[in-house]
Structures are given as structure tokens and as C-alpha cells.
Amino acid sequence: MSLVICSNLVEDKTEALNDQSVNEAFAFRNELSSTHKIPANSQVAVQSVKVNVDGRVVVGKDNGNFYQYFGERVEEGVDTLELMTSKPVITRLIANDEVDKVLELTKKDLGEVLQDRMRATTYHPNQKGKTIVVSEDVADEGFTFKFDSNNSSANERPTEMSYYGNTNAKSPNTAFVYNNASKTFTRNLGTNKIDLCTGIAREFPISCATGEFVVNIGEGNGNANASGVEWLVGLSRSVNQQGTKSVLYTPPYWGGSKKHDAFINARTGGGAGFVDFAVARNKDNELLLFHSVCNASNNNKLTHYEVKYYNNTNSTFKNPDKRLDLSDAANNIYTRVKFEIKGEQVGAYLYNSSTSKYDLITEYSGAQSPTDFFKPVNQACWCLHPVLSVGHKASNLSSSLEIASFTGLKITGYSATDGVNGGWYEAMEHIGSTNECFEVESRSWGINQTMNSRDYVQIDVNTSGGVDYEHVMIVQKSNLYTGTGGANARRLLGFERGVIDYYSVDNNDSQHISSDTDPDTTTTQALFVRLNNFGQKVLNARMGNRSNIICHLPRFDNSFATGRLHFEPNNLMYLDLGNPFDLNVNEFDISFCYMNEQFAKVLTGQSIVALHFREKPKE
């Protein structure tokens with residue numbers, strides 16, 4: 001029977017942060033001046049442990065998850081989340097593919113990680129890259145989360161367009177030419193078998209803070225309307241995966257068909273491709289507006305559904321149940337199409353060349369029938385991109401549309417196709433979770449615009465010109481903001497409540513949320529002692545592998561503190577070394593780890609482990 005005292009340092013230097021040597025506090029070896037004999041069939045137990053824990057924050061999946069919400073505030077007893085156009089989005093400090101990883105961070109470093117992860121899970125175009133997390137390594141000071149917005153935008157016309165139409169074309173990528181110099185989309189002569197050749201500009205999205213998209217249809221380099229061919233000017237999310245058999249790019253919950261698709265029913269057959277908002281000229285030379293909403297008569301699937309602008313009393317073109325005839329010579333005065341987005345509200349206009357003013361086609365008005373204006377810009381289509389489509393007829397095989405202006409947001413690192421740096425729908429599509437998007441779009445405000453639960457009031461811009469939404473952080477599962485299971489960062493971020501919807505600064509275009517208290521460094525991460533150079537048989541079932549762990553330090557369960565900590569079990573747990581012969585030991589190799597076997601580098605200064613060896617008792 002013997003007691004072996006192992007330590008990395010002679011003295012207790014608590015101020016030393018992880019000596020970079022074989023004598024680190026979390027991993028060290030004690031080499032012996034002479035061999036130490038351990039008898040055959042011996043056992044080992046940990047008699048006591050003393051460590052120093054530094055002031056860093058330990059982050060794992062058990063305390064590193066919270067949700068961000070950007071939308072209309074949900075009021076207790078008044079609203080439910082299911083009436084809103086937004087949904088909480090999870091922010092994980094430990095990524096899904098980082099299995100059981102543990103982060104050990106200073107508070108300042110944690111602030112940087114928070115900022116990076118929050119920006120990565122911010123999907124509204126006017127908020128992208130604007131979140132700032134302020135933190136200092138100062139006691140009794142928490143974090144300040146600054147949610148700024150980008151309300152200014154310039155005329156940033158796209159430099160490229162990619163094919164975004166149906167699958168009837170043999171060579172769809174050559175169906176059109178986009179001239180970057182003139183910003184002109186021109187149909188190729190050799191693609192006359194395609195009803196409509198369609199392109200999308202995915203470079204950057206339109207601003208939702210009074211963003212504009214203007215296309216010449218009958219002036220400048222745009223002659224499609226003057227040519228009398230079908231055309232479409234639209235805005236759409238970037239659907240990046242192939243959809244149905246007849247249309248190349250559609251969401252998985254797309255249900256468009258000749259029976260339900262308003263656009264197909266009003267044109268020559270074959271789709272122009274998926275689009276969220278569209279102004280078009282159909283086969284009968286009528287001005288047709290449609291959007292993609294869930295259709296109650298088609299299993300709530302997303303469908304192109306007509307917007308009856310001609311019944312909107314505010315429209316210049318009000319003429320009950322009758323679309324505007326674009327073939328009428330009197331209407332040749334209309335030479336441009338304009339979309340305008342203000343918050344959630346989408347307006348459409350035609351430019352009147354005789355008055356040099358825009359005439360309203362339709363816009364949101366609570367006094368109108370919801371079938372007479374566009375759906376709200378919702379979370380599934382926050383990032384909207386220009387879509388152009390041109391048809392043909394025998395006398396006009398090569399007509400054009402010209403992008404006159406586009407107030408796009410040039411967001412650093414933006415990508416509509418990588419599934420990481422674009423919009424929310426694109427991210428959910430990338431990970432195969434578009435059912436979450438369907439849940440949002442199939443809420444009552446989105447089903448054929450019938451507003452089954454209430455007349456949804458579309459959100460405008462605020463007095464600062466930004467989208468009139470609220471920032472909310474959900475740091476603990478909420479029954480008000482549903483779908484927030486797994487939120488567990490309340491203590492880590494220093495909040496006393498689970499739903500944080502109150503601000504330390506609120507001036508519309510910049511909302512600040514500040515921690516209530518200093519972040520809690522207590523962690524639920526358990527700590528273990530390993531004896532690395534002996535033959536004890538231990539299975540780490542959580543990780544599914546053999547381990548050298550000989551002791552669990554329950555002192556750390558739910559009470560992880562800083563400074564000097566001592567552990568001494570009341571009952572020693574002996575493990576067989578499995579040595580049929582005597583062992584002559586030259587060194588003792590000790591380390592401390594978490595459940596995932598990752599070194600616990602929060603230890604500093606002197607670590608002491610007292611090992612008790614004995615011969616296995618005879619039965």
C-alpha cells in the first residue's frame with residue numbers, strides 16, 4: 001500500500017496562467033529519480049485533489065445556446081408568435097459539427113465569439129454585419145449588445161444574372177445575355193422554344209428600408225413591352241436547389257400547377273420560374289401581378305397567386321375585375337416598372353412618360369381587401385433579388401429589359417448560394433430544414449392573403465427610415481416566443497429574465513441590450529482526472545471509447561468557482577490496474593479533462609493529485 005503525491009509545481013502560483021511546459025496545471029508528468037515498485041494485481045484511487053481555476057468562462061452546449069428574434073414584438077396576453085411574420089433563430093456558440101467541444105474564454109474573447117456567431121445567424125439584409133457586442137474583462141460588468149441597422153443604400157445595379165427558369169430549355173444557360181455595361185437582359189434568338197427565359201441576380205439583396213428596383217420595359221435599352229412579348233419583372237429569394245419537374249428552382253413546399261398557378265393560367269403555358277413578387281405582361285397582353293403565397297385549396301402549398309390590383313381603390317388602374325390592357329396604344333406611355341419596399345410593405349408602380357411621374361399599381365392599405373395588395377416581406381423572403389424574364393413571338397425573338405436602378409445592399413461576405421451568408425430561407429434550405437420556413441409562410445397572414453385570424457397590419461419603416469421591428473433575445477426557453485427549446489445562455493450572458501425585450505438604448509435604428517449582471521462563470525461542465533500511463537480499464541460511454549479517467553470531481557457540478565478548489569472523496573473508488581506482475585514505474589502522467597476528453601485549460605498555478613495504491617483485496 002502506498003500514497004503517491006503528484007504535482008506540476010513546487011509552489012502554488014495561482015497567478016501563473018498555464019505554464020507552457022510539461023508542468024502545465026492541466027497536464028503534467030512527474031519523473032522519478034528511482035523506480036517505484038507497484039505490486040502485481042494492484043488498484044488505484046484518487047485520495048485528494050487541489051487545483052486552481054482561473055477566471056475564464058467555460059462554454060459548452062449546455063450553456064451556449066440562445067435565440068435572436070427580429071420582428072414585431074409579441075405581447076403577453078395580446079398576440080401569439082403564430083400571428084407574426086418572423087420566427088426566433090437559434091445562435092449556437094458551439095457549432096453543431098463541433099461535437100461536445102468546450103470553449104474556455106476570457107470575457108472579452110467571449111464577446112468576440114458572441115459577435116461573430118450573432119452576425120452569422122442574422123438574416124435580415126438591413127441588419128447583416130451590424131451587430132456589435134461590447135465586453136471588457138472587468139468585474140461586475142456584463143455585455144452590451146448593439147443592434148444597429150443599415151438604412152442607407154445606393155444605386156448598386158447587379159453585375160451578373162444566372163438562369164432561373166423552367167427546365168424546357170436544352171441549353172438554359174445560353175437562353176439570355178446580361179450586359180454588365182448597360183445592365184440589359186436580352187433574350188437569345190436561338191431560344192424560341194422556351195416560353196420565358198428567366199434570370200436572377202444573386203449578387204446582393206434589395207434594401208427593405210425604402211429600397212427601389214426600377215426596370216425599363218419600353219425605353220432606353222428595354223423594349224420588351226414595346227415589342228409586345230410577355231415579360232416579367234420580379235423580386236425573389238434565392239432558391240438554390242432544384243424543385244419540381246417542370247420548374248427548375250422552387251421550394252420543397254411548392255405546389256404550383258396549371259390548376260392553381262395564376263400566372264400559368266394567364267399565359268402560354270410553362271412557368272417563368274419561382275418568384276416572390278412579380279409584375280408581368282401575360283399572353284393576353286394584360287398587366288398581371290402575382291406573388292407566392294400558401295394556397296388553402298392546394299394543401300397550403302406555396303403557389304403563384306394573383307394580386308387583384310384592379311380592385312384596389314388606391315390604384316391608378318382601378319377597374320373592377322379587369323386587368324390593364326398593355327396592347328392598347330393609349331398605354332404605351334408606361335415605360336418603366338418600379339418596386340418599392342418599405343419594411344414589410346411592397347408597392348408596385350408604372351412610370352407615366354407623359355406626366356413624368358409614377359402611377360400606383362398597388363400598395364398595402366389596411367382598408368383594402370388583402371387579395372388586392374402584395375403579401376408582407378416575411379422572414380422566408382427577407383433577402384430579395386432581381387428577377388427578369390422575357391418571352392417571344394415570331395416577329396420578336398430577341399427582346400430586352402434594362403435595370404435602370406436597384407438600391408441593393410453591398411454586404412461584405414454576402415452569398416445567396418453558400419447556405420451560410422445569405423438569407424434565412426437559403427440557410428434552412430442548405431441544412432434541409434425548409435419546413436421551418438413553411439411554418440412561417442403558412443400562418444394565417446400568408447394563406448391566400450385571407451387573414452383568417454386577424455387583419456394583419458404590415459410593418460412600415462420607422463422615423464429613422466429603418467424597418468420598424470424589435471430585437472429580442474431569448475436566452476431561456478419561452479412559452480411566448482415558441483420554438484425556443486434548448487435556450488440555456490441566461491446565466492452565461494448575465495440576464496435575470498429569459499426573454500430580453502427591453503433596451504438600454506432605443507433610437508429606432510440602433511437598439512442596445514445590456515446584461516443585468518456580470519456573466520456567471522459557473523459551469524455545468526464536469527471535470528475529470530486522468531492517469532495516463534497505467535492500465536486501468538475505463539470506458540467513456542458518452543464518447544464511445546476507452547479512457548484513462550480515474551476520477552470524477554463532482555465538486556464542479558453546478559458550482560464551478562474560481563480560485564483554489566479542493567476535493568477529497570468520503571469513499572475511495574479503487575480501479576484495477578490489470579497488472580499480473582510487479583510494475584516498476586519511472587513517472588506519473590496526470591491530466592485534467594472534460595467529459596469530451598478535452599484538456600481543462602482553465603486550470604492554472606499548482607495542481608496536486610494524491611494517488612492511493614493498494615494490492616487488490618482477496619475475495
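**Exercise 1.** Determine whether Lys 375 is buried or exposed, and trace the salt bridge that its side chain makes.

*Solution.* Begin with accessibility, where buried means under 20% relative accessible area, exposed over 50%, and partly exposed in between, computed with a 1.4 Å probe on protein chains only. Lys 375 has a relative accessibility of 1% and therefore counts as buried. Next, look for a partner, taking a salt bridge as a side-chain nitrogen of Lys or Arg within 4 Å of a carboxyl oxygen of Asp or Glu. The side chain of Lys 375 meets that of Glu 441 in such a bridge, at 4.0 Å from N to O.

The model is a predicted one, in which local features need pLDDT of at least 70 and side-chain atom pairs count only at pLDDT 80 or more, while totals for chains, interfaces and linings use all residues. Residues are numbered from 1 along each chain as its sequence is written, and side-chain values use heavy atoms, with hydrogens and water left out.

**Exercise 2.** Identify which residues form salt bridges with Glu 439, and state how accessible Glu 439 is.

*Solution.* First, Lys 87 and Glu 439 meet through their side chains in a salt bridge of 3.6 Å, N to O. This pair joins distant parts of the chain, 352 residues apart, since Lys 87 lies in the loop between β6 (65-71) and β7 (89-92) and Glu 439 in helix α4 (residues 435-441). Second, Arg 443 forms a salt bridge with Glu 439, the closest N and O atoms being 3.1 Å apart. Third, compare the accessibilities: Lys 87 is buried at 13%, Arg 443 is buried at 4%, and Glu 439, at 27%, counts as partly exposed. The structure holds 21 salt bridges, and a network of them links Arg 73, Glu 75, Glu 470, Arg 497 and Asp 501.

**Exercise 3.** Describe the surroundings of Asn 30.

*Solution.* Start from the strand: Asn 30 lies in β3 (residues 27-38). With a relative accessibility of 16%, Asn 30 counts as buried. Its side chain reaches the backbone oxygen of Ser 7 at 2.8 Å. Contacts (heavy atoms within 4.5 Å) then complete the picture: leaving out residues up to four places away in sequence, Asn 30 touches Ile 5, Cys 6, Ser 7, Asn 586, Glu 587 and Phe 588.

**Exercise 4.** Find which residues touch the most other members of the largest nonpolar core, and which strand gives the most to this core.

*Solution.* A nonpolar core is a set of buried Ala, Val, Leu, Ile, Met, Phe, Trp, Tyr and Cys residues joined through side-chain atoms within 4.5 Å. The largest one has 80 residues, of which Phe 213, Trp 231, Val 233 and Leu 287 touch the most other members. Strand β18 (residues 287-295) gives the most to this core, with 5 residues. Taking Val 233 as an example, its contacts beyond four places in sequence include Phe 213, Phe 277, Val 337 and Leu 401. A second, separate core of 41 residues includes Ala 25, Cys 551, Leu 577 and Cys 593.

Note on methods
Helix = DSSP H or I, 4+ residues; strand = E, 2+ residues; numbered from the N terminus. Polar contact = N/O pair within 3.5 Å; in protein donor to acceptor, adjacent residues only side chain to side chain.
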